[in-house]
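Trainee: I am new to this structure. Please take me through it, with a close look at its pockets.

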Amino acid sequence: MARKTGSHAEITGPRIRAEASRLFARHGFAAVSMRQIAAAVGVQAGALYLYTPDKEALLFDLLKGHMDELLAAWAQEPRGTDPLAALERFVRFHIRFNLERAEAVFLSYMELRNLSEPNFSVIEGLRKRYETELEEILKAGQAAGAVSVPDTKLATMAIIAMLTGVNTWYREGGRLSRATVETIYWDMVRKAVGA
């Protein structure tokens, strides 16, 4: 099917992903049709298939893009050699990164169940890579005597759940600034790991 007049691949592809993300986050993956996404973008429904083979592939692309971006951004964060400094950087990074991407975070947790097993495995693998980054910091902290947790894997899961939870209640312009939230959460994590 031909593109509508004025349609450009470098513009349309990102618009499709942005509108799909917005609609999936607002209405849920199952409730959104390809026609609705096309209408939001301003293209005919058939044009979407120039950019994605189906709706699940579009969701997978969104979730994988988010995880790839998260891992790449974390790789650029300076960490230093001190485990507590690295843990603080992780806490602050996680909150800062995810608050900028509330829709992507919501989709990553709520719509993961809509992926087929092969796609689910890819996303789970990327999530495990990120979780391992935090667990390695905790293990280094244990080895240095700076951290005391009964199980680093469980502590990893608990910390990530706590930090990601900020997205459920934080609103820009509210009572607490992002920097204040980061500082308070760092203090809570520090105490939770016995530092």
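Which pattern does the chain follow, read along the sequence?

Mentor: Keep in mind that this is a predicted model. Read along the sequence, the pattern is α-α-α-α-α-α-α-α-α. That gives nine helices and zero strands. The C-alpha trace spans about 65 × 40 × 30 Å along its principal axes.

Now to the pockets. A general point comes first. Empty space shows up when a probe the size of a water molecule is rolled over the atoms.

Start with the largest pocket. Its volume is about 230 Å³. The lining has 14 residues. Those nearest the centre are Ser21, Leu62, His66, Glu69 and Ala104. H3 gives the most, with six residues. Sorted by class, the lining of the largest pocket holds five nonpolar, four polar and five charged residues.

H5 leads on to the second largest pocket. About 190 Å³ of space lies there. Ala102, Glu103, Val105, Phe106, Tyr109 and Met110 belong to its lining, and so do Thr164, Gly165, Asn167 and Thr168. H5 supplies the largest share of this lining, six residues. Helix H8 (166-169) also supplies at least two. By class, the second largest pocket is lined by five nonpolar, four polar and one charged residues.

Look next at a helix pair, H6 and H7. H6 covers residues 117-144, and H7 covers residues 152-164. The two pack with their axes 9 Å apart, at an angle of about 125°. H6 and H7 are therefore oblique to each other. Their crossing is right-handed.

Which residues meet there, in H6 and in H7? From H6 come Tyr130, Glu131, Leu134, Glu135, Leu138, Lys139 and Gln142. From H7 come Thr152, Lys153, Ala155, Thr156, Met157, Ile159 and Ile160. By class, this contact has seven nonpolar, three polar and four charged residues.

Technical notes. Residues are numbered from 1 along each chain as its sequence is written. This is a predicted model: local features need pLDDT of at least 70, side-chain atom pairs count only at pLDDT 80 or more; totals for chains, interfaces and linings use all residues. Side-chain values use heavy atoms; hydrogens and water are left out. On a 1 Å grid over the protein atoms alone, a cavity is a set of points where a 1.4 Å probe fits but cannot get out, and a pocket is an open set with protein on both sides within 12 Å along at least five of seven lines; lining residues have an atom within 4 Å of a point. Grid points are joined across faces, edges and corners, and a volume is the space filled by probe spheres set on the points. Helices (H or I, at least four residues) and strands (E, at least two) are DSSP runs, numbered from the N terminus. Ala, Val, Leu, Ile, Met, Phe, Trp, Tyr, Cys and Pro count as nonpolar, Asp, Glu, Lys and Arg as charged, and the others, Gly among them, as polar. Axes are lines fitted to C-alpha atoms, for helices over the stretch in contact, and angles run from 0 to 180 degrees between N-to-C directions. Angles under 35 degrees count as roughly parallel, over 145 as roughly antiparallel, 65 to 115 as roughly perpendicular and the rest as oblique. A crossing is left-handed if the near helix is turned anticlockwise from the far one by less than a right angle, and right-handed if clockwise. Contact means heavy atoms within 4.5 Å.
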